[in-house]
Amino acid sequence: IAAAIEEKKKVKGRFMFNIADGGFTELHSLWQNEERAATVTKKTNEIWHRRHDYWLLAGIIQHGYARWQDIQNDVKFAILNEPFKGEMNRGNFLEIKNKFLARRFKLLEQALVIEEQLRRAAYLNMSEDPSHPSMALNTRFSEVECLAESHQHLSKESMSGNKPANAVLHKVLKQLEELLSDMKADVTRLPATIARIPPVAVRLQMSERNILSRLASRGPDTHTPVQTQQVGAERSSPNSKLPEGS
């Protein structure tokens with residue numbers, strides 16, 4: 001019984017935070033690597049990972065968008081300062097912190113936008129086609145971003161004469177080259193796929209004249225709600241490029 005109670009306490013106190021981005025960003029790959037490093041070294045506060053992202057979002061909610069200094073000065077968000085303690089003696093210490101926080105929030109924001117787009121798609125009973133060239137292109141683009149982000153430090157270390165870093169850098173560059181080659185092949189298949197998409201007039205079941213008239217009109221939209229909803233779904237589908245700042 002005592003063991004069961006102890007296990008229940010552990011489960012109750014377990015930190016749980018997730019962004020369901022469907023793998024469209026490199027966020028979960030970063031989380032996996034960061035949490036592994038934090039667990040192995042037992043530096044759960046000093047190595048940035050999922051818990052820090054949670055408190056970063058909480059700080060933005062309380063203090064406002066991009067108010068990095070206000071967030072860092074708030075004792076409730078002291079955990080966000082822990083990963084940068086080793087950089088305090090550098091002249092551009094604050095710049096390093098603020099740039100990292102801005103980059104990290106941009107990634108979190110992108111993942112949150114995609115999570116919302118996927119939620120909308122699920123609500124509209126939409127499904128993605130894994131064989132669609134745009135899906136393969138998006139997956140490889142996320143892999144390229146993840147590789148570049150997680151190994152960006154290798155270039156400086158290699159230039160400073162670090163031979164192991166130089167060897168790893170060459171492997172990473174080879175991986176990037178292979179991914180870019182695959183992306184090029186995916187791009188060549190896109191025109192044929194796009195050509196098979198029915199024209200807008202067919203999908204809306206409206207003539208071009210009616211479409212132009214509707215766009216020019218400021219009156220209420222009298223078109224069939226289901227069809228309008230489908231068009232909006234196509235724009236917000238995870239298969240399409242997400243609009244900036246959605």
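**A friendly note on helix packing and the cores**

1. Let's begin with a pair of helices: α2 and α5 are oblique to each other. Their axes cross at roughly 125 degrees and come within 10 Å. Here α2 covers residues 27-41 and α5 covers residues 93-123. Please keep in mind that this is a predicted model.

2. Which residues make the contact between α2 and α5? On the α2 side they are L27, L30, W31 and E34, and on the α5 side R104, L107, L108 and A111. Sorted by class, this contact has six nonpolar residues, two charged ones and no polar ones.

3. Next, have a look at the largest nonpolar core, which has 21 residues. Those with the most contacts inside it are I19, L27, L56, W68, L80 and L108. Two or more residues come from each of α2, α3 (50-63), α4 (68-73) and α5. The largest share, six residues, is given by α5.

4. Not counting residues up to four places away in sequence, I19 touches L27, H28, W31, L108, A111, L112 and E115.

5. Beyond its neighbours within four places in sequence, K97 is in contact with Q72, N81 and F84. The side chains of K97 and Q72 are joined by a polar contact of 2.6 Å. K97 and L80 are 17 residues apart along the chain, and their C-alpha atoms are separated by 9.5 Å.

Note on methods:
Residues numbered from 1 in each chain as written. Predicted model: local features only at pLDDT ≥ 70, side-chain atom pairs only at ≥ 80, totals over all residues. Heavy atoms only, no water. Axes fitted to C-alpha atoms, helices over the stretch in contact; angles between N-to-C directions. Helix = DSSP H or I, 4+ residues; strand = E, 2+ residues; numbered from the N terminus. Parallel < 35°, antiparallel > 145°, perpendicular 65-115°, else oblique. Contact = heavy atoms within 4.5 Å. Nonpolar A, V, L, I, M, F, W, Y, C, P; charged D, E, K, R; others polar. Core = buried A, V, L, I, M, F, W, Y, C linked by side-chain atoms within 4.5 Å. Buried < 20%, exposed > 50% of the residue type's maximum accessible area, 1.4 Å probe, protein only. Polar contact = N/O pair within 3.5 Å; in protein donor to acceptor, adjacent residues only side chain to side chain.
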